[in-house]
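Work through the exercises below with the structure open. Each task is followed by a solution in steps.

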Amino acid sequence: MSASSPFSPANPPDSRSGEPRTRAVLVTGAGKRIGRGIALEFARQGWNVAVHYGTSEREARETVAQIEAVGRRAVALQADLADETAVAQLVPACVESFGSLQCVVNCASRFDEDTATTFGYAKLMQMTAVNLAAPLTLARTLHEATPDDAANDDARRAVVINVLDQKLYNMNPDYLSYTLTKAALDNATVALAQALAPKLRVVGLAPGLTLVSAWQTPASFEAAHRVTPLGRASTVDDLAQAACYLANAHGVTGTTLVVDGGQHLVPSPRDVMYMIDAPKP
(Lines give C-alpha, C1' and ligand atoms only; values in the text may rest on other atoms or scores of the structure.)
Protein backbone atom coordinates (compact mmCIF):
# COMPACT_ATOMS: atom_id res chain seq x y z
CA MET A 1 0.00 0.00 0.00
CA SER A 2 1.51 3.33 -1.01
CA ALA A 3 1.88 6.22 1.41
CA SER A 4 -0.59 8.20 -0.67
CA SER A 5 -3.32 5.55 -0.47
CA PRO A 6 -6.55 6.79 1.15
CA PHE A 7 -7.05 3.41 2.79
CA SER A 8 -5.83 2.35 6.24
CA PRO A 9 -6.91 -0.17 8.91
CA ALA A 10 -9.34 2.46 10.19
CA ASN A 11 -10.75 3.52 6.83
CA PRO A 12 -10.83 0.43 4.62
CA PRO A 13 -12.70 0.56 1.32
CA ASP A 14 -16.44 0.08 1.66
CA SER A 15 -17.31 -3.26 0.07
CA ARG A 16 -20.28 -1.70 -1.71
CA SER A 17 -18.92 1.62 -2.98
CA GLY A 18 -15.15 1.05 -2.96
CA GLU A 19 -14.68 4.44 -1.25
CA PRO A 20 -12.64 4.85 1.94
CA ARG A 21 -14.78 4.65 5.06
CA THR A 22 -13.81 6.10 8.42
CA ARG A 23 -14.91 4.00 11.35
CA ALA A 24 -16.11 5.25 14.73
CA VAL A 25 -15.60 3.93 18.25
CA LEU A 26 -17.28 4.65 21.58
CA VAL A 27 -14.96 4.39 24.59
CA THR A 28 -16.61 4.50 28.02
CA GLY A 29 -14.73 6.32 30.73
CA ALA A 30 -12.55 8.00 28.11
CA GLY A 31 -12.08 11.26 29.97
CA LYS A 32 -9.00 10.06 31.82
CA ARG A 33 -6.62 7.24 32.70
CA ILE A 34 -6.78 4.07 30.60
CA GLY A 35 -9.95 5.12 28.76
CA ARG A 36 -8.29 8.31 27.54
CA GLY A 37 -5.23 6.40 26.36
CA ILE A 38 -7.39 3.97 24.39
CA ALA A 39 -9.45 6.78 22.86
CA LEU A 40 -6.35 8.68 21.75
CA GLU A 41 -4.74 5.59 20.18
CA PHE A 42 -7.91 4.87 18.17
CA ALA A 43 -7.80 8.46 16.96
CA ARG A 44 -4.13 8.18 15.99
CA GLN A 45 -5.05 5.08 13.99
CA GLY A 46 -7.69 7.02 12.06
CA TRP A 47 -10.93 6.40 13.97
CA ASN A 48 -13.52 8.98 14.97
CA VAL A 49 -14.12 8.73 18.71
CA ALA A 50 -17.07 9.19 21.06
CA VAL A 51 -15.72 10.07 24.50
CA HIS A 52 -18.10 8.87 27.18
CA TYR A 53 -17.89 10.32 30.68
CA GLY A 54 -19.90 10.14 33.87
CA THR A 55 -18.88 13.14 35.98
CA SER A 56 -15.49 14.08 34.46
CA GLU A 57 -16.75 16.62 31.92
CA ARG A 58 -13.64 18.80 31.94
CA GLU A 59 -11.35 15.82 31.36
CA ALA A 60 -13.64 14.50 28.61
CA ARG A 61 -13.53 17.87 26.82
CA GLU A 62 -9.73 17.76 27.04
CA THR A 63 -9.73 14.30 25.46
CA VAL A 64 -11.97 15.55 22.66
CA ALA A 65 -9.58 18.43 22.01
CA GLN A 66 -6.60 16.07 21.86
CA ILE A 67 -8.43 13.82 19.38
CA GLU A 68 -9.34 16.76 17.19
CA ALA A 69 -5.72 17.89 17.30
CA VAL A 70 -4.71 14.71 15.43
CA GLY A 71 -7.31 15.38 12.76
CA ARG A 72 -10.13 13.07 13.82
CA ARG A 73 -13.71 13.91 14.78
CA ALA A 74 -14.76 13.52 18.40
CA VAL A 75 -17.79 14.07 20.59
CA ALA A 76 -18.20 13.99 24.39
CA LEU A 77 -21.24 12.05 25.62
CA GLN A 78 -22.39 12.05 29.24
CA ALA A 79 -24.22 9.12 30.79
CA ASP A 80 -24.55 7.55 34.22
CA LEU A 81 -23.73 3.91 33.47
CA ALA A 82 -26.05 2.83 36.29
CA ASP A 83 -28.99 4.39 34.40
CA GLU A 84 -30.34 1.92 31.83
CA THR A 85 -32.16 4.57 29.82
CA ALA A 86 -29.07 6.78 29.58
CA VAL A 87 -26.86 3.86 28.55
CA ALA A 88 -29.32 2.75 25.86
CA GLN A 89 -29.10 6.21 24.27
CA LEU A 90 -25.30 6.21 23.85
CA VAL A 91 -25.03 4.13 20.68
CA PRO A 92 -27.84 6.05 18.89
CA ALA A 93 -26.09 9.30 19.87
CA CYS A 94 -22.86 8.02 18.32
CA VAL A 95 -24.65 7.04 15.11
CA GLU A 96 -26.25 10.47 14.99
CA SER A 97 -22.82 12.12 15.38
CA PHE A 98 -20.78 9.95 13.01
CA GLY A 99 -23.33 8.22 10.76
CA SER A 100 -22.37 4.76 12.03
CA LEU A 101 -20.56 3.02 14.87
CA GLN A 102 -18.29 0.00 14.50
CA CYS A 103 -16.78 -0.50 17.97
CA VAL A 104 -17.59 -0.11 21.66
CA VAL A 105 -14.84 -0.34 24.27
CA ASN A 106 -16.32 -0.96 27.72
CA CYS A 107 -13.52 0.55 29.78
CA ALA A 108 -15.34 2.37 32.59
CA SER A 109 -15.99 0.44 35.79
CA ARG A 110 -16.57 0.91 39.49
CA PHE A 111 -13.78 -0.34 41.72
CA ASP A 112 -15.04 -0.22 45.30
CA GLU A 113 -13.51 -2.15 48.16
CA ASP A 114 -15.35 -4.93 49.98
CA THR A 115 -14.66 -8.44 51.23
CA ALA A 116 -16.63 -11.57 52.05
CA THR A 117 -17.12 -10.22 55.58
CA THR A 118 -18.11 -6.66 54.60
CA PHE A 119 -20.18 -7.52 51.51
CA GLY A 120 -23.63 -5.96 51.16
CA TYR A 121 -26.38 -6.03 48.55
CA ALA A 122 -26.23 -2.30 47.77
CA LYS A 123 -22.57 -2.19 46.74
CA LEU A 124 -22.83 -5.38 44.69
CA MET A 125 -25.90 -4.10 42.85
CA GLN A 126 -24.26 -0.74 42.14
CA MET A 127 -21.17 -2.38 40.65
CA THR A 128 -23.25 -4.91 38.75
CA ALA A 129 -25.15 -2.10 37.04
CA VAL A 130 -21.99 -0.30 35.90
CA ASN A 131 -19.58 -3.18 35.37
CA LEU A 132 -21.96 -5.71 33.83
CA ALA A 133 -25.39 -4.38 32.87
CA ALA A 134 -24.03 -1.32 31.03
CA PRO A 135 -21.69 -3.38 28.79
CA LEU A 136 -24.54 -5.80 28.07
CA THR A 137 -26.81 -2.91 27.08
CA LEU A 138 -24.16 -1.34 24.86
CA ALA A 139 -23.57 -4.67 23.12
CA ARG A 140 -27.29 -5.06 22.49
CA THR A 141 -27.73 -1.54 21.13
CA LEU A 142 -24.63 -1.83 18.93
CA HIS A 143 -26.05 -5.06 17.52
CA GLU A 144 -29.34 -3.27 16.81
CA ALA A 145 -27.50 -0.40 15.08
CA THR A 146 -25.33 -2.66 12.90
CA PRO A 147 -26.81 -3.33 9.44
CA ASP A 148 -27.78 -6.93 8.74
CA ASP A 149 -25.54 -7.11 5.68
CA ALA A 150 -22.48 -6.37 7.86
CA ALA A 151 -22.70 -10.00 8.99
CA ASN A 152 -21.02 -11.07 5.74
CA ASP A 153 -18.36 -8.34 5.61
CA ASP A 154 -15.35 -8.46 7.96
CA ALA A 155 -14.65 -4.77 7.40
CA ARG A 156 -18.18 -3.73 8.42
CA ARG A 157 -18.83 -6.22 11.22
CA ALA A 158 -18.94 -4.43 14.59
CA VAL A 159 -16.96 -5.36 17.70
CA VAL A 160 -17.36 -4.99 21.46
CA ILE A 161 -14.22 -4.95 23.60
CA ASN A 162 -14.83 -5.63 27.31
CA VAL A 163 -12.03 -4.48 29.61
CA LEU A 164 -11.62 -7.13 32.31
CA ASP A 165 -8.81 -7.77 34.83
CA GLN A 166 -5.84 -10.12 35.06
CA LYS A 167 -6.97 -11.15 38.55
CA LEU A 168 -9.66 -13.32 36.95
CA TYR A 169 -6.75 -15.63 36.05
CA ASN A 170 -4.91 -15.11 39.36
CA MET A 171 -7.77 -15.05 41.85
CA ASN A 172 -7.71 -13.51 45.32
CA PRO A 173 -10.63 -12.59 47.59
CA ASP A 174 -10.01 -8.83 47.77
CA TYR A 175 -12.44 -6.37 46.16
CA LEU A 176 -15.01 -9.13 46.14
CA SER A 177 -17.97 -7.44 44.43
CA TYR A 178 -15.74 -5.86 41.78
CA THR A 179 -14.14 -9.23 41.09
CA LEU A 180 -17.50 -10.98 40.82
CA THR A 181 -18.82 -8.41 38.34
CA LYS A 182 -15.71 -8.74 36.18
CA ALA A 183 -15.99 -12.53 36.31
CA ALA A 184 -19.58 -12.22 35.13
CA LEU A 185 -18.50 -9.90 32.30
CA ASP A 186 -15.82 -12.42 31.33
CA ASN A 187 -18.49 -15.10 30.94
CA ALA A 188 -20.81 -12.63 29.22
CA THR A 189 -18.08 -12.02 26.63
CA VAL A 190 -18.34 -15.64 25.55
CA ALA A 191 -22.15 -15.73 25.69
CA LEU A 192 -22.51 -12.49 23.72
CA ALA A 193 -20.00 -13.65 21.11
CA GLN A 194 -22.27 -16.62 20.51
CA ALA A 195 -25.57 -14.76 20.70
CA LEU A 196 -24.72 -11.66 18.65
CA ALA A 197 -22.72 -13.27 15.85
CA PRO A 198 -22.30 -12.88 12.95
CA LYS A 199 -23.00 -9.11 13.06
CA LEU A 200 -20.84 -8.58 16.16
CA ARG A 201 -17.58 -9.88 17.50
CA VAL A 202 -17.21 -9.72 21.29
CA VAL A 203 -13.78 -9.93 22.91
CA GLY A 204 -12.12 -9.29 26.26
CA LEU A 205 -9.00 -7.32 27.18
CA ALA A 206 -7.52 -8.03 30.62
CA PRO A 207 -5.01 -5.47 31.96
CA GLY A 208 -2.61 -5.91 34.81
CA LEU A 209 -1.54 -3.23 37.25
CA THR A 210 -1.30 -0.14 35.06
CA LEU A 211 -1.71 3.16 36.93
CA VAL A 212 -1.35 4.35 40.50
CA SER A 213 -4.68 4.28 42.33
CA ALA A 214 -5.79 6.67 45.05
CA TRP A 215 -4.94 4.20 47.83
CA GLN A 216 -1.41 3.46 46.65
CA THR A 217 1.86 5.25 47.19
CA PRO A 218 4.14 5.65 44.18
CA ALA A 219 6.67 3.38 45.90
CA SER A 220 4.16 0.57 46.51
CA PHE A 221 2.90 0.88 42.93
CA GLU A 222 6.39 0.61 41.49
CA ALA A 223 7.19 -2.40 43.67
CA ALA A 224 4.01 -4.22 42.68
CA HIS A 225 4.38 -3.23 39.03
CA ARG A 226 7.72 -5.07 38.83
CA VAL A 227 6.39 -8.40 40.16
CA THR A 228 5.92 -10.01 36.74
CA PRO A 229 7.96 -12.31 34.50
CA LEU A 230 8.73 -9.33 32.23
CA GLY A 231 9.75 -7.08 35.12
CA ARG A 232 6.83 -4.74 34.58
CA ALA A 233 3.08 -5.06 34.23
CA SER A 234 0.92 -3.28 31.65
CA THR A 235 1.16 0.31 30.50
CA VAL A 236 -1.59 2.48 29.05
CA ASP A 237 0.15 2.30 25.69
CA ASP A 238 0.18 -1.52 25.85
CA LEU A 239 -3.57 -1.60 26.46
CA ALA A 240 -4.39 1.03 23.84
CA GLN A 241 -2.45 -0.84 21.16
CA ALA A 242 -4.06 -4.13 22.21
CA ALA A 243 -7.55 -2.61 21.98
CA CYS A 244 -6.86 -1.36 18.46
CA TYR A 245 -5.49 -4.77 17.49
CA LEU A 246 -8.67 -6.46 18.74
CA ALA A 247 -10.81 -3.95 16.85
CA ASN A 248 -9.08 -5.05 13.63
CA ALA A 249 -8.67 -8.78 14.41
CA HIS A 250 -11.49 -10.01 12.21
CA GLY A 251 -11.04 -13.67 13.15
CA VAL A 252 -11.08 -13.18 16.92
CA THR A 253 -14.25 -13.46 19.04
CA GLY A 254 -15.36 -14.97 22.33
CA THR A 255 -11.89 -14.88 23.90
CA THR A 256 -9.78 -12.59 26.07
CA LEU A 257 -6.33 -11.11 25.49
CA VAL A 258 -4.40 -10.77 28.76
CA VAL A 259 -1.98 -7.82 28.58
CA ASP A 260 -0.20 -7.67 31.93
CA GLY A 261 3.49 -8.48 31.49
CA GLY A 262 2.68 -11.95 32.77
CA GLN A 263 1.36 -10.68 36.12
CA HIS A 264 -1.30 -13.41 36.19
CA LEU A 265 1.48 -16.03 36.15
CA VAL A 266 2.77 -14.90 39.58
CA PRO A 267 0.42 -16.23 42.29
CA SER A 268 -0.58 -13.65 44.89
CA PRO A 269 -2.87 -14.22 47.90
CA ARG A 270 -3.79 -10.52 48.02
CA ASP A 271 -4.76 -7.90 45.48
CA VAL A 272 -1.84 -5.83 44.17
CA MET A 273 -3.39 -2.81 45.89
CA TYR A 274 -2.10 -4.27 49.16
CA MET A 275 1.39 -5.15 47.99
CA ILE A 276 3.47 -2.64 49.92
CA ASP A 277 6.63 -4.72 50.14
CA ALA A 278 6.15 -6.73 47.00
CA PRO A 279 7.84 -10.15 46.86
CA LYS A 280 10.23 -11.07 44.09
CA PRO A 281 8.66 -13.14 41.29
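**Exercise 1.** In this predicted model, find which backbone oxygen lies 2.8 Å from a polar atom of the side chain of K199, then describe the surroundings of K199.

Solution. 
- The backbone oxygen belongs to T146.
- The K199 side chain also makes a polar contact of 3.2 Å with the side chain of D148.
- Leaving aside residues up to four places away in sequence, K199 touches H143, T146, P147, D148, A151, R157 and A158.
- K199 is located in the loop between α6 (176-195) and β6 (200-207).
- Buried means under 20% relative accessible area; K199 has 10% relative accessibility, so K199 counts as buried.

**Exercise 2.** Check whether the span of α6 agrees with its number of residues, and state what its buried residues pack against.

Solution. 
- The buried residues of α6 include Y178, K182, L185, D186 and L192.
- The packing partners of these buried residues are α5 (121-145), β5 (158-163), β6 and β7 (256-259).

**Exercise 3.** Identify which members of the largest nonpolar core touch the most other members.

Solution. 
- The core holds 36 residues, and V27, I38, F42, V49, C103, V105 and I161 touch the most other members.
- Helix α8 (residues 236-248) supplies the largest share of this core, seven residues.
- Apart from this core lies another, of 27 residues, among them L81, L142, A158 and A193.
- F42 has contacts with residues including W47, C103, A243 and A247.

Methods:
Residues are numbered from 1 along each chain as its sequence is written. This is a predicted model: local features need pLDDT of at least 70, side-chain atom pairs count only at pLDDT 80 or more; totals for chains, interfaces and linings use all residues. Side-chain values use heavy atoms; hydrogens and water are left out. Helices (H or I, at least four residues) and strands (E, at least two) are DSSP runs, numbered from the N terminus. Buried means under 20% relative accessible area, exposed over 50%, partly exposed in between (1.4 Å probe, protein chains only). A polar contact is a pair of N or O atoms within 3.5 Å; within protein, one must be able to donate a hydrogen and the other to accept it, and residues adjacent in sequence count only if both atoms are side-chain atoms. Contact means heavy atoms within 4.5 Å. A nonpolar core is a set of buried Ala, Val, Leu, Ile, Met, Phe, Trp, Tyr and Cys residues joined through side-chain atoms within 4.5 Å. The expected span of a helix is 1.5 Å times one less than its number of residues.
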